[in-house]
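Hi everyone, thanks for coming. Let me put the structure up, and then we'll walk through a few local details together.

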Amino acid sequence: MGGTSSSEIIVQSTAAEYAPLILLLPMLAFPVILFLGKVFNGNPFWKNNLKEGGLIALTVMGASLILALAVARDFIGGFSSMEELSEWVWFTSATWESTTMMTKEISFGFGVHIDHITVMLLFIAAFLCFLINTFAIGYMNTDPINDNRNHRFYAEFVLFCSGMLGMVLADSFLWLFIFWELMGLCSYLLIGFYYERPSAAYAAKKAFLTTRVGDVFLMVGLAMLWGMFGSLDYDVIFNALEDENFMAGISSSTLQWTLGLMFIGAVGKSAQFPLHVWLPDAMEGPTPVSALIHAATMVNAGLYLVARMFPFFGAEALHGDLVDLAFIIAAIGGITAVMAAAIAFVQNDLKKVLAYSTMSQLAYIFTGLGCALWLANSLDWHHDSKAHGIVIVAFGAALFHLFNHAMAKGMLFMASGAVIHEVHHAHHHLHHHDDHQHESKHPKELVMLNDYLEQTGQTVYEFFKSIDLDGSGEIDMYEFQTALKNAEIADLPPWETEPLLAAIDLDGNEKINVPELEITLGNLKMDDHDHHEEEFDAQSMENMGGLASKMPITATAMLVGSLSIMGFPLIGGFWSKEGIIANAWRVALEDPRFFFPAACVLLGAGMTGFYMSRMWLKTFAGSPKTEVAAHVAPTNTWIKTPLFLLTFVSLAGIIFAGMGFTHWAPDEGYAPFFDGKKGLMEGILYEMEHAFANHDSFFFILSYVALILGAIIGPGLALSLYGGSLDEGEQAKPWFGPILALNAAIKGRYHWDNSALAQSSLATALSNRLYFDHYYDMAMLKIVAAFSFKAAEADSGVIDGAIKSIERGSQNLSTRVRALTTGSARDYILMAAVGTLALFGLIWGVA
Amino acid sequence: MTETTIEPFAEGFVMALAPEFVLVIGLFTLILVPNMGDAKFRIPLTQIRIPWFLGGKRGTLDRDPRLPGLFASIFLTVSFLMALASFVGGMERVNITTANGTELFRVDEFSRMFEVIFYGALSLASIASIDRLPATSTADRSLSGLYNNRRQVDFYILLMTCGLGMSVVALSQDLFMLFIGLELASFSTYVLVAFMKETPEGTESGMKYFIVGSVASGVGLYGLSLLYLWSGSLQFDGPGGLSEAFRTSGMEPLPLVALGLILVGFGFKVSAAPFHFAAPDAYAGATGPVAGVLATASKAMGILGLLRILLVVASPENTEGSAVWLVALGVLAAVTMTWGNLAALGSTNPKRMLAYSSVAHAGYMLAALTAVGVWSEDTAFADDASMAVVTALIFHLVVLVCFKLGAFLVLSILESEKGGHTLESLGGLAKREPLLAVAMFIFMMSLAGVPPLSGFVSKLLVIMGIVKVAVGGALVNGGTLNFSDLHWVWYLALLMVLNSAISVFYYLRVGLVMFFHEPEEGREGRLPSGKSIRFAVLACVMTTIYFGVGADQLITVCQSAANALLNVW
């Protein structure tokens, strides 16, 4: 292709020159914190004054934030076209092009690409990483379980942040992918921070492997993209998209497949159906990690990737060719929005509700992006200014929702962390003398078998091989009986062996294979561990209630965050959610396929209203459900400060909307507020008019339907079912008064018994997460595990055997070769003479 | 770009050869200063005594055994910086020619680049050697001999003559000058290897190195004289020079025999198999810094000689079709890299392991050199490809100083507690000296060619260069790429990749021992060694990383050096 790959600096801005520092600072802090933490582990200054590295992390995140703000300021203040800033060239290599008979330079390096999407995500990531870091100091360092290992947390934390910041700043899909994977690694490390808990280790593996499935597709997609464009630089690709001659040689259907594969990567990273299973389990990590993954970094990466695809859909040469993919993106969003919201209905774990809410809200953004991409691909927006406005606003609404959701969700997670932290403390305070002894629910023979394996140090596989007498690869009842006898566990008659066998036999063929045995013993270990750990669940909303009076700031933050997610009028998420719903229906009117996602997001609005209200009411309203909840104390300043700040950001949604965020975020040409053409009040009034008094009667009705569903019906149902007034004598802050009064009134008047519904098969299915995990596990067991054991055998026999023999062979050869170095100079000269003759022979032979 | 021609000792001569003159001044200083005393000279028949200073009772300062090391380090570093500074703001090219038109020296980017390599390696070795003396004189007999400042002077004088000889090789435009420089440097290294005469290994290895080396030199000299006999000229370039003679009648038997003999001579210098046998013994017997110099600067000198002879004198353009030495050098490269890696695989002495690894690296460099010999119809392409390969070669030699010498310096620190001769003496280094272990690990990773370290970039550049030569020729002819169109040098690149894979095994083993094995009995706590050698190691680590991450700058400089050699100004 004809484009040059060397990036040129379009506009010089001092802040942008330092932009690489935004990601380099945290990246360099990673080894520093890790190293200092190892060296000064337990040192009182390190522990109390430096918070085990927390303050170092906070400093670099603060510096990153300041630099990010400087970049944003320069960008907004007139440098709005600084797109390519190549910063660091690793090395340049000239390649010979046969077609042009010229040498072309290919440089390997890292550059910074700054446009509107970058600036927005950069701000979100840097701002939230900084706040979450503040929160983490209050959260992690006050928990004795983390003592002397917080440096690991902070080191991985800053690496995670640098991964996100790097991904946003990178100037090519290749670097995007590299940082994307860096985040994958960090998510694994942080979700598994409490790796001594099997459930955390399991969740970390699950998150890593599930996102890996998406990443493989992304990698294939990127390879295809490289094949088509000869480069992965945004600059090169986006220029090529404008080049009609070049685009004539590109097959649009192949390109659609390519982008589709890349989209699967985004589905994995942003936890959308069907790769959503890792997100709820990821709650095993410490709460700051949940906040980081859900608000600031990881899940936004998938959205960012889809947003980066906009130029493909907007290219004139591809007009109308990519609508199918746009539909798929919107439909995946629609499915996930409803599914995740439904599962959130029945969750009792505070953090899990939020996890499903994240999934559902991200789905909104995907739907919004899908619609915007459809509009960009099918409208003639390059020439028609009205169409241009529609495309820009649709894209902007999705991005605005990303912003609002990140702010609200970061706040919600931190607030939930504060609640859990304090409930946990209160529990610890009350019960720290109790020591429970639990009986395992598993058969005692299996427990003994597990102990036997641990004592003898055998792996399950070795044990299995030793008891598989006929070598069939499966254990029948007779073999199992013999094995138990030989291991001196129990000498059981067949009829008592049978239930034991059935407990292991997962697929019901009355025989045991290796994966079944491994899974059963694994579950046993995990359950035992959980039992010993703690009976009291500090995350369960069943143990809370009435906390509004105990933790006023947290309750307020949680309330504002919930309202923002629900789309309560005038607060944060309202503006963007209305926009997404409106655009989905706008597209649906043009393309009937889109009725599905459009209906989903509309329905989802009501569902969101219900589960978010339910969560708040169960936690903060009503009377305390346990003794523990009655003794919760307010939280510390490190935790309160970020909550306080984010509350205002979410409340200020109307100001952002008035500033024309939805117009500005996606489009450089449109900046009504920043160039002073339109005042703030004017902008706010314009947005209000648009939202509440739309001239188009269809959208007028639609906006009120969404409003009623999300802000009245959903919350109303929750109000009638959950919560209630606080206990006698408990005094809440005045702004909770109306809510609690309304709650008490509705609950008193319209309360209905939902136990029948709660026990229905649908509710059971929902609380089992619609059996997705179950079926995935089954599929793994039947197909992947069986195959992988065959592969393991082949590996140890064929490949390892070959490697071993190569190794042995080369060591033998090495001994022989070294034996020629006799140590006698005579022999050396002889060898040199032989070499000389050989050289003569070779030169003569040629000449 | 300016180019001036001056006669020896004419105006501007001293400035043009400033780094060399600094070394000469340094030599005199080293000889004079430790002999300064209170000697007085009595004018005969009078009682007037004039202070004469040379001889007599020496003061405390000039009796200090560390003084020579300090002086040598300063002079070598100054030379190094002067050579480096000549790259700043455009190089002034100077030809030094006798009145009758015989070209002696040429100062350009190419020769200066090699001087940077030589002086850099030597000054690091010199700095590292200062601290090989313990703080106070000990009862240990082998050490008390070393604790004599005159003995120390010998060592550093040899280091400096070595540097002088090497730079003469770099500058020379003439077979005679080339040989003089070669021998000056070689003889210095023979003695340096045997410098630890108190130990049996030192003497034995020095002797062996000398015997095999002098045989190789003799053979090489015979080749050089045959060339002179055939062409009647000692000049590489210019009218009536060797280059022209090759162009007219390069395929006669006499020059071919000469070429074969010269290959043997330089083959020993770069330790190409099967001329490498003395190298492992020499490295194991010599002290760490000297072994480091042998593996880097001395090797660079050999490659430099080969570049001059093979590319300037017997270059492919001069012989129509691929160079006559192509097959011979290709086979030599293949044998050398494989042999080196196989032998290193089982070595348990880290110094011998590094020696064999340096044989393997010689193989990689010879492979690159082979690729330059491939002839292409398209001269523009041929120039381009040769440029890339020679650039890669020079880059490789530069970064080799960083990590190969660095590795030897780490072993030298271990020598301070009589370790460094067995792999197990490195055991538990990570616990005893974490930073040193990390440094050693970085060197090993760079030797293995792990990104983003400089060893990776150099290997990548060499492989890309070879593949470019192999593929590019095919593309120019056909347009589409058939496997059969690939030139066979392609297999050298493949072999290099395979060999790199093998080498990872023994490089990683060092890391394994350092990080996971327990220290040997009796070895515990920090190592007894001074600051200066640690400073040298630090410098090596920094440059290893810097030239990996910031490779582009060094590549540009190497390109200008390659340009100067290939006359593509």
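This is a predicted model: local features need pLDDT of at least 70, side-chain atom pairs count only at pLDDT 80 or more; totals for chains, interfaces and linings use all residues.

Residues are numbered from 1 along each chain as its sequence is written, with chains lettered from A and ligands numbered from 1 in the order in which they are written.

Okay, chain B. Helix α3 (residues 67-85) packs with helix α6 (residues 149-171) at an angle of about 15°, and their axes are 8 Å apart. Helices here are DSSP runs of H or I, at least four residues, strands are E runs of at least two, and both are numbered from the N terminus. Axes are lines fitted to C-alpha atoms, for helices over the stretch in contact, and angles run from 0 to 180 degrees between N-to-C directions.

Now the backbone. A:Phe273 and A:Pro274 are joined by a cis peptide bond, with omega about 0°. A:Pro274 sits in the loop between α11 (252-269) and α12 (278-281) of chain A. That loop also holds A:Ala271, which has a positive phi of about 55° despite not being a glycine.

Is A:Ala271 buried or exposed? A:Ala271 is buried, because 30 other C-beta atoms lie within 10 Å (20 or more counts as buried, 12 or fewer as exposed, in between as partly exposed, with C-beta atoms placed from the backbone).
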